[in-house]
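These are my notebook entries on one protein chain. I set down what I looked up, entry by entry.

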Amino acid sequence: MNKAVILVGGPSRATRFRPLSMHLPQPLFPVGGRPIIWHQIKALSEVKDLKEIILVGFFEDFVFRPFLEKCQEEFPEITFKYLREYSRLGTAGGFFHFRDQIQRGAPKNIFMLYTDICCDFPLNDLLKQHERHGRLGTIMVTKVDRSQANKYGCVVVDNETKLAEHYVEKPETYVSDLASAGVFVFDHEIFRFLGQAMERRASEFEHERAKENAYGRMDDEDDVQDINRLRLEQDVLRQMAAEKKLSAFVCTGFWRQIKSAASAVPANALYLQKAMKESPELLAKPTADGPEITGAVYIHPTAQVHPTARIGPNVSIHARVVIGPGVRINDGIVLDNVHIKENAAVLHAIVGWDCRIGKWGRVEGSPVASTDDIDELTHAGRKVNSICILGEDVHVKDEVFVRNSIVLPHKDLGSNQHNEIIM
């Protein structure tokens, strides 16, 4: 039997995902017509002999309950569970803290996935290599641009043995162009290794605390919490590589992070293009009486799209959206209950829940060319070269042009905006 753990973080995380995460937790934000985390669950459901998926995070229990109930209906052969951390325990701390629940049923292999990634998730191939090589763990890596490698956890891999020889988190100098993809599979013995890592951290912590107290520094609450934190990258993967217990699987399919709200648009495009190849029945198709559909487009059954509208490529239109005559949308996400009036345009943008865009209005961003998830800023601190984002319940008046801007919820825009963050 195999299991999986998905790390979903907590409500204080995903600040770069605002204003979208102000309405909905980032893992539940829809890309490709489905919540971010659903794509991971769908891939895990196709892994041989995988019986349980556990979400670990710092959200309140009720946050994921409706979503997991739907998953239980869609994937009845898998058991779903949410485990809430009592405090922020680090990327490996929650995994170790809930080791008894995770080990229940004696799983042979345990997947661990970060939730803020977009990928084609070749999990069966990853598992095959892991079982073939017999290491304690296998990390999935992906090739990144050499100039951007220092933004990731980098892995030095032996091309013949596929052994991870060295792991460095965000190195200051070039180490490797193979970056951690945020997907791992571990042997059930991983918890013994994590216990040793916790002991090392406790020993180091006590040594540092004794040294600081000798200079008159008193312990504080952060110190007490810090001793219980365990970082997967710095405390675990680096040591596993040093002890030759980590192999590496190279992902050759698509991959990118979903760190900021801007990154949701290219992630949406990647998942829609994947659906076009693997599940085209889920996407909208051109018809003789319109609307004009180009490329991969998802339209919710309750949405109303005027026959003269032009939609696509790479567009997701969600529930109860009303799109008027002559509207043009490409490379965008239009969320629930949005009304877009005639001849408006939405290009490289996200339109939040309950928004209204007036006649001849225009909400436009710039194409995201890089897989690196870094917003560009002017010297004045203004955001440039990114998509345009309207938060919940934003009203764009007739003939107003909003370009490369982030608009927080509940705003009325009666004049043109360019490269602004509208509070």
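The entries below go from model confidence to strands, cores, a helix and aromatic pairs.

**Entry 1: confidence**

I began with the origin of the coordinates: this is a predicted model. I found a mean pLDDT of 89 for the protein, with 90% of its residues at 70 or more. Over residues 220-225 the pLDDT stays under 50, and the model has 4 contacts for them beyond four places in sequence. Residues 372-380 also have a pLDDT below 50, and this stretch has 25 contacts in the model beyond near neighbours in sequence.

**Entry 2: strand 11 and its partners**

I asked how many residues of strand 11 are buried. Of the 10 residues in strand 11 (residues 178-187), 9 are buried, and I noted the strand as mostly covered. I next looked up its pairing. Strand 6 pairs with strand 11 in the antiparallel sense, over 5 bridges. Strand 8 (residues 137-143) pairs with strand 11 as well, again antiparallel, over 6 bridges.

**Entry 3: the nonpolar cores**

I asked which residues touch the most other members of the largest nonpolar core. They are F29, I53 and F111, in a core of 63 residues. Helix 1 (residues 36-45) gives the largest share of this core, with 6 residues. A second, separate core has 37 residues, including V5, A92, L136 and F191. As a general note, nonpolar side chains tend to be buried together in soluble globular proteins.

Leaving aside residues up to four places away in sequence, F111 touches K3, A4, V5, L44, V47, L50, L123, L126, L127, F184 and V185.

**Entry 4: T115**

I located T115 in the loop between strand 6 (109-114) and strand 7 (117-119). Is T115 buried or exposed? Its relative accessibility is 9%, so T115 counts as buried. Its contacts, not counting residues up to four places away in sequence, are I6, L7, V8, P27, I36, I37 and Q40.

**Entry 5: helix 2**

I listed the buried residues of helix 2 (residues 65-74) and found F67, L68 and C71. Why do they lie on the same side of helix 2? They lie there because they cover an arc of only 95° around the axis. The exposed residues K70 and E73 sit on the face turned away from that buried side. I then looked up what covers the buried residues, and the list includes strand 3 (34-35), helix 1, strand 4 (50-57) and strand 5 (79-84).

**Entry 6: aromatic pairs**

I counted 10 aromatic pairs. One of them is F95 with F186, a tilted pair with 6.1 Å centre to centre and 50° between the planes. This pair links distant parts of the chain, as F95 is in helix 3 (residues 93-97) and F186 in strand 11, 91 residues apart. I noted that F95 and F186 are both buried.

I also looked at F254 and Y271. Their ring centres are 5.9 Å apart and their planes stand at 80°, so the pair is edge-to-face. F254 is in the loop between strand 12 (246-251) and strand 13 (255-257), Y271 is in helix 9 (residues 264-278), and the two are 17 residues apart. Y271 has a relative accessible area of 5% and is buried.

My last item is a cluster: F95, Y114, F184, F186 and F191 form one aromatic cluster.

Technical notes: Residues numbered from 1 in each chain as written. Heavy atoms only, no water. Helix = DSSP H or I, 4+ residues; strand = E, 2+ residues; numbered from the N terminus. Buried < 20%, exposed > 50% of the residue type's maximum accessible area, 1.4 Å probe, protein only. Contact = heavy atoms within 4.5 Å. Pairing = 2+ DSSP bridges. Core = buried A, V, L, I, M, F, W, Y, C linked by side-chain atoms within 4.5 Å. pLDDT = per-residue confidence, 0-100. Arc of directions from axis to C-beta. Phe/Tyr/Trp six-rings, centres within 6.5 Å; stacked < 30°, edge-to-face > 60°.
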